[in-house]
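Visitor: I would like a walk through the spaces inside this protein and what sits in them. Shall we take them one at a time?

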Amino acid sequence: MALRFSNTLTHQTEEFVSGDNTVRMYTCGPTVYSYAHIGNFRSFTFYDILRRWLRLRGFKLDHVMNITDVDDKIIRNAVAEKKSLVDYTAIYEKAFLEDCAALRLERPERLVRATEHIPEMAAAIRKLADHSYTYRSDGSIYYSIAKFPEYGKLSHSDFSGMRSGARVDVDEYEKADARDFVLWKAPKDGEPFWDTDLGPGRPGWHIECSVMAIQYLGDTLDIHAGGIDLVFPHHENEIAQSEALTGKPFARFWMHAEFLLVEGQKMSKSLGNFFTLRDILAQGYQPETVRYLLASVPYRKALNFTFDGLKSAATSIERLRNYKLRLETARFLEQPAGAMLERTALAQKEFDESLDDDLNTAQALAAVFEYVRETNTLMDAGEFPAAAAQPALALLDRFDSLFDVLHPAAKGGALSDQEIEARIATRNQAKKSKDFAGADRIRQELLEQGVILEDTRDGVRWKRK
Ligand code: AMP
Ligand code: ZN
């Protein structure tokens with residue numbers, strides 16, 4: 001079966017192909033007014049899985065992600081702290097990039113800041129004005145959605161009864177009441193602004209994405225993605241702006257990640273029910289555990305965040321790491337491997353087909369864990385053939401080029417007590433089966449991670465260096 005994605009625009013699951021093999025993809029990035037929470041990172045982790053799978057399927061990527069470094073909240077906070085916009089947002093942009101690195105999120109080919117594209121945005125607004133899509137009110141410029149008859153096509157809403165001329169200054173508003181949205185905002189007293197031929201002011205949120213996406217990726221994107229809350233109004237407004245500017249479809253595929261929930265509610269700053277990555281790491285969890293948890297549920301399913309879920313993610317990673325270590329260190333018998341090689345090829349096929357099916361990560365994981373369970377049983381019985389070890393490791397490699405959780409974090413990523421004990425158990429197993437070279441390798445590996453083993457009459461004791 002071919003690679004296929006669910007397209008919000010058509011409500012269909014469609015085969016994904018790209019003309020020249022390069023995927024032009026735009027994803028909405030963070031607003032850097034504060035630390036991102038792990039709900040935000042669910043969307044960013046989805047972008048990462050999408051990127052990696054496209055590449056594993058042979059595509060090249062040109063992925064642009066914006067950094068919203070000017071908006072109401074940023075201005076309010078920067079003014080309150082008497083900082084310039086740049087000084088204020090630099091703190092949270094840096095924190096965001098650090099968190100992304102900890103979560104092993106690949107960097108998009110281009111990360112672009114809204115404030116570095118103000119002249120381009122002003123020019124786009126001027127063009128929309130020239131084509132009569134806009135009107136002015138109190139120094140601000142609004143987009144008149146009545147001028148764009150297809151308004152509502154992404155969110156599948158019928159806005160034919162909407163009130164003409166009703167407008168809104170803020171960037172988020174209720175769907176039932178679609179309104180003209182702001183393209184250029186006149187400054188209030190004491191607010192920073194840019195001087196352009198539109199008059200003093202700053203861009204609204206929506207225009208930055210249209211302008212930067214078209215500037216770097218062309219009139220029609222292959223994929224535009226974001227969190228589900230962006231469908232309306234943000235992406236609806238992006239379509240209205242972009243298609244009015246170019247006369248062409250703005251994106252072929254629209255993909256949206258469902259929410260991370262806490263007790264059934266969206267994790268969000270405004271509800272106060274959020275954790276930042278830093279909050280979670282401070283409790284002793286590893287960043288790859290958070291990554292695994294966020295990636296393990298298919299992106300179109302809501303994911304309820306619990307600490308139990310985080311603990312079972314840690315256990316799953318541990319099981320896979322131990323399995324990999326076993327493959328690398330145990331001595332397997334020379335015996336016919338044909339059936340096992342077939343079993344391994346089947347596991348990889350199931351893994352690949354699950355991901356081709358709209359990135360069904362849960363099913364892909366199930367294929368890997370079933371394989372691990374079966375082969376562990378064979379290893380226990382001494383029936384796992386030596387020639388199957390490399391192909392099994394190759395399967396884990398493929399798994400890890402997507403999930404990226406098998407290597408412990410290098411810096412500050414000390415092994416947890418459970419991880420150390422699991423390795424000791426594997427080493428004991430190796431000693432029992434007289435695989436002393438394997439046992440020594442584990443001792444050495446632990447030593448390199450700062451853990452010293454002492455063999456005593458009562459078993460193994462360990463301590464950190
Ligand atoms: P923001 O920094 O508020 O502009 O949001 C950045 C991204 O996080 C957007 O794509 C949002 O859709 C997404 N997002 C916000 N809250 C959640 C959540 N609880 N679960 C998943 N994604 C979210
Ligand atoms: Zn956007």
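Visitor: How much space lies in the largest cavity?
Guide: This is a predicted model, so every value here is computed from predicted atoms. The structure holds two cavities of 30 Å³ or more. The space in the largest cavity is about 80 Å³.

Visitor: Which helix gives the largest share of the lining of the largest cavity?
Guide: The lining includes R42, T45, F46 and I49, along with L294, A295 and others. Two helices, α1 and α8 (287-296), each supply at least two of the lining residues. The largest share is four residues, and the helix that gives it is α1.

Visitor: How many charged residues are in the lining of the largest cavity?
Guide: V297, P298, Y299, L359 and T361 are also among the residues that line the largest cavity. By class, the lining has eight nonpolar residues and two polar ones. The charged count is one.

Visitor: What volume does the second largest cavity have?
Guide: Its lining is P30, T31, V32, S34, Y35, A36, Y92 and F96. Six of these are nonpolar, two are polar and none is charged. The volume of the second largest cavity is about 30 Å³.

Visitor: Now the pockets. What is the volume of the largest pocket?
Guide: The largest pocket is lined by 36 residues. Nearest its centre lie N40, K73, E172, D229 and K266. Its volume is about 930 Å³.

Visitor: Which helix supplies the largest share of the lining of the largest pocket?
Guide: Helices α1, α2 (72-80) and α5 (205-217) each supply at least two lining residues. By class, the lining divides into 14 nonpolar, 13 polar and nine charged residues. The largest share is five residues, from α1.

Visitor: Where is ligand 1, in terms of pockets?
Guide: Start with the residues around the ligand. There are 17 of them, and the closest are G39, S43, D229, L260 and M267. D229 also lies among the residues nearest the centre of the largest pocket. The space that ligand 1 takes is the largest pocket.

Visitor: Which helix gives the most to the shell around ligand 1?
Guide: By class, the shell has seven nonpolar, seven polar and three charged residues. One helix, residues 38-56, gives five residues to this shell. The helix that gives the most is α1.

Visitor: How far is an oxygen atom of ligand 1 from an N or O atom in the side chain of D229?
Guide: Take two other side chains before it. For N40, an oxygen atom of ligand 1 is 3.1 Å from a side-chain N or O atom. For S43, a nitrogen atom of the ligand is 2.9 Å from such an atom. For D229, the ligand atom is an oxygen, and the distance is 2.3 Å.

Visitor: How much of the accessible area of ligand 1 does the protein cover?
Guide: On its own, ligand 1 has 500 Å² of accessible area. Of that area, the protein covers 90%.

Visitor: Which helix gives the largest share of the lining of the second largest pocket?
Guide: This pocket has a volume of about 370 Å³. Helices α9 (307-329), α11 (361-380) and α13 (417-432) each supply at least two lining residues. The largest share is five residues, and the helix is α13.

Visitor: How many charged residues does the lining of the second largest pocket have?
Guide: The second largest pocket is lined by 19 residues. R326, A330, M379, Q429 and S433 lie nearest its centre. Eight of the lining residues are nonpolar and five are polar, while the charged ones number six.

Visitor: On to the backbone. In which helix is P233 found?
Guide: The peptide bond from F232 to P233 is cis, with omega near 0°. P233 falls within residues 231-246, which form helix α6.

Visitor: What is phi of H156, a residue other than glycine?
Guide: H156 lies in a loop between two strands, β7 (140-143) and β8 (167-168). Its phi is positive, near 55°.

How values were computed: Residues numbered from 1 in each chain as written. Chains lettered and ligands numbered in written order. Predicted model: local features only at pLDDT ≥ 70, side-chain atom pairs only at ≥ 80, totals over all residues. Heavy atoms only, no water. Near = heavy atom within 4 Å. Polar contact = N/O pair within 3.5 Å; in protein donor to acceptor, adjacent residues only side chain to side chain. Areas by Shrake-Rupley, 256 points an atom, 1.4 Å probe, with all protein chains shown as cover. 1 Å grid on protein atoms, 1.4 Å probe; cavity = no way out; pocket = protein on both sides within 12 Å on 5 of 7 lines; lining within 4 Å. Sits in = over half its atoms within 2 Å of the grid points. Nonpolar A, V, L, I, M, F, W, Y, C, P; charged D, E, K, R; others polar. Points joined across faces, edges and corners; volume = space filled by probe spheres on them.
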